[in-house]
Structures are given as structure tokens and as C-alpha cells.
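Subject: Structure handover

Hello,

The structure for your reading is below. Please look through it first, then go on to the notes that follow.

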There are 2 protein chains.
Amino acid sequence: MIDFTYYSPTEIIFGKDCHMQAGERLRAMGAQKILLHYGGASIKRSGLYDQITAGLRAAGVDFAELGGVQPNPRLGLVKEGIALCRKEGVDLVLAVGGGSVIDSAKAIALGTPFSGDVWDIFLGKAQPTGRLPVVTVLTIPAAGSESSPSAVITNEEGWLKRGLTHPLNRPVLSFLNPALCRTLPESQIRYGASDIMAHLMERYFTNTDHVDLSDRLLEGALRTMLIKLPAILKDKEDVDTWAEIMWTGMVAHNGILGMGREEDWASHGIEHELSALYDIAHGAGLSIVFPAWMKYVYKANVGRFVQFAVRVFDVSLPFADPEAIALEGIARLEAFYRSVGLPTRLADVGIDGARIPEMAEKAAFRGGWLGHFVSLTAADIAEIYRLAL
Amino acid sequence: MIDFTYYSPTEIIFGKDCHMQAGERLRAMGAQKILLHYGGASIKRSGLYDQITAGLRAAGVDFAELGGVQPNPRLGLVKEGIALCRKEGVDLVLAVGGGSVIDSAKAIALGTPFSGDVWDIFLGKAQPTGRLPVVTVLTIPAAGSESSPSAVITNEEGWLKRGLTHPLNRPVLSFLNPALCRTLPESQIRYGASDIMAHLMERYFTNTDHVDLSDRLLEGALRTMLIKLPAILKDKEDVDTWAEIMWTGMVAHNGILGMGREEDWASHGIEHELSALYDIAHGAGLSIVFPAWMKYVYKANVGRFVQFAVRVFDVSLPFADPEAIALEGIARLEAFYRSVGLPTRLADVGIDGARIPEMAEKAAFRGGWLGHFVSLTAADIAEIYRLAL
């Protein structure tokens, strides 16, 4: 294990109708005027918007509002939100939605008290100087942004997608009501689950030794997803299964499962270029990139891929041939993705190889390399895109 | 799953020499005068006392000190600590030691701003009104008190042992340096590991449905202990193994593995009477009580005991006879305890049955029953003590 600091102070209120307390809880926290931030029409159609605004009014919490967050949330709307928060004297941002809405809220919350350009913080050129507190009502189990210190924003100028991990990004409070997930379209269910699995696997593939505990915790969470995703696609009304998926999404990404390990995160970086350029869903990009990444890197630490195959997918083949076990594990992951309707090839989402060199250069941009399990150059990344064609 | 609130805001700084930062961190938190609270001679012998006090002096943090915490920490010393904190105007309690020292520090921290008798809080007769912040430097992986909201104190008048679980009991900051564990005596290693395993099993044995994720996380943590405890007994200098045990102890008891489940805690209650009356180590009492409790209750939910046997102990027997699988799981737990030198019978620690009725009455005292997996009356508890003879 390597040295670490673990600090995950987000309060999670989980269960039936918990979001109905949002107004009174914000009032108790001393909020005077908040920004209600959300995406499109879905929370209005489902009645969630009316429940939240009624709760705010009943608690006497004044609010401004800004909807319109898109998947792969845009810098333009973040800047609009910052201007609105400043103009209205907002003291807290309430995000109602999935990871895109929450990430957009985090960027607004960092940008409001910041005197410079908020994009400089995402580029690593400037440090945040403070933030408005962020509270979330989660509607999509996926990004883990409800407790994570991460946010990912896309700059429309040049379609540059950048993630920022910073302690100030952690929400102070999140409401997780599994029943809210029942209205999600099937595609979002799949893509969300793919994102949760990717968060587990980015942590799992490490060269750090003496991480038996977190290995087993990650394996257990992955096995849970292998059972719960097909179950929820069979019955979207099953709140018990939603509860497990929603909680797995939080546990997968609040940090505890990755402590003491070097994490990889190459697949996320490789995916980000795909979704930035082609505007595909992040979870779709991940189910395409991850198997390709695995095929490219597994020889660097076959033992870890054997453990993944045996413990997560119950692969039972002669141990005399570890590579065969490793490859069978990767094949089973791909087969699982396909069985739940997730894409595993770029062709599945209509992307050809034309812009591979450009994406590979962008993905490797920040330090000339990407990933920790194997350090990938732009040339390596291009090969991984090609394996995914 | 059942509804819950998860809030575990303790900051954990983990790794090599991390406790050397204690002084400067306390200073940065604004501490002016602290209480340095510890046990006996061991932290002076090991040099830890000198390191901590040198750090405090270097950072300009003034301190009062109170040593002498015993295992099964006493109310008398807690009251002495409260009087000292009030007299010296202490604004933070720094616990350097294991669970007993930390629990004693928590009680002092709650009692100092409380106008009544602190024991009334532990009896549930009064609510805490505030606390001094508690910071810990952990030396024994066991109780999980470094991040938990729990503290257990023994009142010497009547040898009544009572636990208090309250959000104010969570330390604000804990330093976990695995290298500090190398000087622990073998008995404390065993007893600490037994306590960690018990914290996992108290959560594991539940009748709550739809808890697949936390089942798997608990199983993974238990399997880790089955490997790491024998390893550390073989080589006490192995800091990598200490790191895994120390982190497992935190993860086992910070709350995250029990969310959404009804937990049991009967075995802890039954054990507390043993250690209160006979002053045996808590971990020794737990390895005696847990198998007896299991034998008494397993028929109430054989499926759960089958899962425990199969997933934690790899029991492979015909599924046609679930009871045989369940009993084999319990037998393997007992065999494991014995293989690492833990007692599994009251006779192993020199206790006979003379005071069983008294202990059973005390254990059931608070509501006439104990435990959630099966609600135990005093008569049930007496039977469990007898099974452990």
C-alpha cells in the first residue's frame, strides 16, 4: 500500500422520499438563496421539479434556477451559472440530476467566488480559492459525483474535455432516493452501470502490492453489478435493485475503494476524447474503450488479469496458461457488456478511425502520457482506439 | 435495504511517519491547549510519547496530559479528564493509543461541555450538548474507534459497561501509521483482530434482504483478516501486512459496510458483561461468545449461515443439507480462532458458569432483549454463555 489521506465528508441521506427533506435541510444549513440547477424536461415530467420547488418554498428558501445541462456538460452553461449566482447573491448550489448536472454545479460553485476564468482551474493553471456548498438530489446512479471530489467539463471551443479532482468539489450533502431511478430510459441505465463498473476497474488495475482488502472490495462491488444490471433491465420498477445499484455507484467512487493503490484512469482519458468529439454517452465510450485497453496492456501484469478473471468472472481454466485465463476474463467482460446491450466497438456507435490520431494526441496531451498501470504514449493510445474499431 | 444516513467525516492520514505531523496539524486547526491522553508505559518505551510531545512543542501547541487508561476504560479516569480539561481550558483532546484510550478521550470530550453527569449520557438518560474535537494517533488496529461514532466505558461502581453511539463521537482527524503496530504484544494482535472480525460479523448476520453489495464487501474484509492475521503473527515486523490490518479495522467500523442493513450486536453485548465482570480482553471475549451465539441462532436463518460458510470459508459440502454447511462454517471459524491462539471457551480464560445468571440479566437489561438477528431474552443469553463453557 502507498500512503494516502482519506476524507469523504459528504453526508448521504438514502431511501424512500428522502429528497422531500431537501428544502428544510437547506434552510437548517442557513441557505438564504440557492441556485436550482438541472438538465432538461425529465425532472419536470416526473414531478421531481415540483416536489423540490414546493419544498424550497415551504421552507422559505429563495431560489434562482438554471436548467439546460446537457450530457458532457458545457463550459458555456457553467459561465452562465456563475454570472447568475453572482448577480443573485446565491449562497448554495442545489443540483437535481445525474453526474452531468452535478459536475456542472460543482464548476459553478468553484467559479462563483473565483476572480479569474474557471476554465483555468480545469486546465490546472489556477487553484480554486473557495466554493459555494453543493447539495445534490441524485437521479442517475453512474458518475459517483454525488460524493466524489471530481467534476468533468467540456469546453465547446475546441471540444476539450477536462476533469478536475479537488477536495472542494465534494458535495456537502446528497439525497439518494432509489425510487427516482424508475423513470430512467434503458440507455441511461446501461451507460450509468458501465460508468460505475469503470470506476471500479480503474482502481482495480494497479501494480501496487499488498492491497488485498481493496482488491476484494472492488471484486465484490463488480460482482454485484454483474447481477444487478441485468436484473434492473428486466424490471425497471424494482426499487430494491435500484437501491443496490445506487449505493454501489456511491461506494465505487467516494474514494474508499481506491485508498493505498495507484489507480489507472487511462480508459477514462481515452474515452473522454471520444465523448468530447462525437458527443456519445460516457458509459457507451467506456464499454468500448475498456476491453480494448485491457487487450493492449494485460501482458504488463498478467497476474492481475488472472485474478480479475478468476475472482470476478469465475474463469476456471488450467492455471498452467495464465494468458488464456486473462484473455478469457476480458472476453467475458465484453460478452457481459453485449448481453446488456452496451456497445463494445466504435463501429457500434458509428465512429470510424478517421480522427484517431487527433484523439490520441489530445488524450496524451497533459504530460505526454496517460495511465499508471501502463504509461501510454499517443502512439499507444492510437493503437487502443484501433483495437476498438 | 432499509433507509439510512451515512456520514463519516473523519479525516484519515495514513502511512509512514504520518503521526509526526500531529503537532502542526493541530496548530493549523487552531488548537491552543490540548489534553494528551494515553495509556501506560508502552508509548513512552516505544518513543512515541517523545515524538508526539516534541511535535506539539515545535508547533507551539500547549498541552495538559493524562495517562493511565486501562483496557475496558473506566469512568473514574474519564471524570478526572473532564475536571482537568475544564481547569486547564482545553480545546481539543488528542488520544494516543488503541480503542480504550480513544473511547476514554471521546467520553472526556463529550463530558467537558456537559453540565450533568457524563455517565447519564452513556445510560441514555441525557443527550450530549456538545464536545471538544477528538484527534487520534492509533496504535492498535481493533476497535475502529479512530473513525467510529462509538465509545464504550466501564463504570467501576457495579462494573457496568455501556456503549454510546452518537455522531458527536466521531474523531475529526486520525493518524494511522502501520509501523507503530510492530511493537504490539502477540496477545493484543490477536485480540485486536478478533474485534475487527466481530465488527464485520455483527453487520453480516442480518435478516435484511437486498444487501448483496454489503454482503460481498463484508465477506471480502473477513477473508482478508483470515489471511492477514496468521501472516502478522508469523512476522510482526511486516509493515505491509500491518497496513492491510490497520485499514481493514477502519473500513470494518466506519459504518460504510453496514449501511441499509439491520445489524445484530448481540455478541458484543454478551461479551461486554464478560469483560466488565472478569476484566478479560474484549477480543478474547468475542472469540468465545461469537461461535456460541452462532450455534444458538443459526436455525433462525440457515441461508445466511450457508452463505457465510461458502463465501467466507469455502465450505464445499452437498447443498442438500444446508444445516451441515452452516455448522461447518461455524466449526471453521472456531478452528481459525484456535489456530491463531484465540480462546473459544470460557474455560480457556478461567471463567466458570457461576455468574451466568447475573451476566445474562445485565446483558438483557436495557430493553429486556438483545440483538436483531434474533431477539434474545436473558434466558437465551444464559444458554449462549452455557454453550461457551
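**Salt bridges**

Counted over all chains, the structure holds 46 salt bridges. Please keep in mind that this is a predicted model. Side chains of opposite charge can pair when their charged atoms come close.

The side chains of R74(B) and D279(B) form a salt bridge, with 3.2 Å from N to O. This pair links distant parts of the chain, as the two residues are 205 residues apart. R74(B) is in the loop between β4 (62-66) and α4 (75-88) of chain B, and D279(B) is in the loop between α10 (266-278) and α11 of chain B. R74(B) has a relative accessible area of 10%, so it counts as buried, whereas D279(B) is partly exposed at 44% relative accessibility.

R311(B) and E219(B) also meet through their side chains, again as a salt bridge (3.2 Å, N to O). Here two helices of chain B are linked: R311(B) belongs to α12 (residues 302-313) and E219(B) to α8 (residues 212-234), 92 residues apart. R311(B) is partly exposed, at 30% relative accessibility. E219(B) is buried, with a relative accessible area of 5%.

E334(B) is in helix α13 (residues 322-339) of chain B, while R345(B) is in the loop between α13 and α14 of chain B, eleven residues apart. E334(B) counts as buried because its relative accessibility is 7%, and R345(B) is partly exposed because its relative accessible area is 26%.

In chain A, salt bridges that share partners join K33(A), D62(A), K87(A) and E88(A) into one network.

**Aromatic rings**

How many aromatic pairs are there over all chains? The count comes to 36. One of them is formed by W293(B) and F373(B), whose ring centres are 5.7 Å apart; their planes stand at 55°, so the pair is tilted. W293(B) is in helix α11 (residues 282-297) of chain B, and F373(B) is in the loop between α14 (356-363) and α15 (378-387) of chain B, so that distant parts of the chain, 80 residues apart, are linked. Both W293(B) and F373(B) are buried.

Y298(B) and F305(B) make another pair: the ring centres are 6.4 Å apart and the planes are at 75°, so the pair is edge-to-face. Y298(B) is buried at a relative accessible area of 7%, and F305(B) is buried at 0%.

In chain A, ring pairs link a cluster made of Y204(A), F205(A), F290(A), W293(A), Y298(A), F305(A), F308(A), F313(A) and F373(A). A member of this cluster, Y204(A), has the charged end of R304(A) over its ring, 5.0 Å from the ring centre. In chain B, R304(B) lies over the face of Y204(B), at 5.0 Å from the ring centre.

**A covered strand in chain A**

Is strand β6 of chain A mostly covered or mostly uncovered? Strand β6 (residues 134-138) is mostly covered, and five of its five residues are buried. In a regular strand the side chains alternate between the two faces of the sheet. In β6(A), V134(A), T136(A) and L138(A) point one way and V135(A) and V137(A) the other way, and all are buried.

β6(A) pairs with two strands named here. With β5 (residues 92-97) of chain A, β6(A) runs parallel and is joined by five bridges; the bridge partner of L94(A) in β6(A) is V135(A). With β9 (residues 173-176) of chain A, β6(A) pairs in the parallel sense over four bridges. There, V137(A) has F175(A) in β9(A) as its bridge partner.

**How the two chains relate**

Chain B superposes on chain A by a rotation of 180° with 0.0 Å of shift along the axis, at an RMSD of 0.0 Å. The two copies are therefore related as by a two-fold rotation axis. In chain B, the C-alpha nearest the axis belongs to P9(B), 2.0 Å from it. The same surface serves both copies, as 100% of the contact residues of chain B recur in chain A.

Regards

How values were computed
Residues are numbered from 1 along each chain as its sequence is written. Chains are lettered from A and ligands numbered from 1 in the order in which they are written. This is a predicted model: local features need pLDDT of at least 70, side-chain atom pairs count only at pLDDT 80 or more; totals for chains, interfaces and linings use all residues. Side-chain values use heavy atoms; hydrogens and water are left out. Rings of Phe, Tyr and Trp (its six-membered ring) pair if their centres lie within 6.5 Å; planes under 30 degrees apart count as stacked, over 60 as edge-to-face and the rest as tilted. Buried means under 20% relative accessible area, exposed over 50%, partly exposed in between (1.4 Å probe, protein chains only). A charge sits over a ring if NZ of Lys or CZ of Arg is within 6 Å of the ring centre and within 35 degrees of the ring normal. Two strands pair if DSSP finds at least two bridges between them. Copies are superposed by least squares on the C-alpha atoms of residues with pLDDT of at least 70 in both. Contact means heavy atoms within 4.5 Å. A salt bridge is a side-chain nitrogen of Lys or Arg within 4 Å of a carboxyl oxygen of Asp or Glu.
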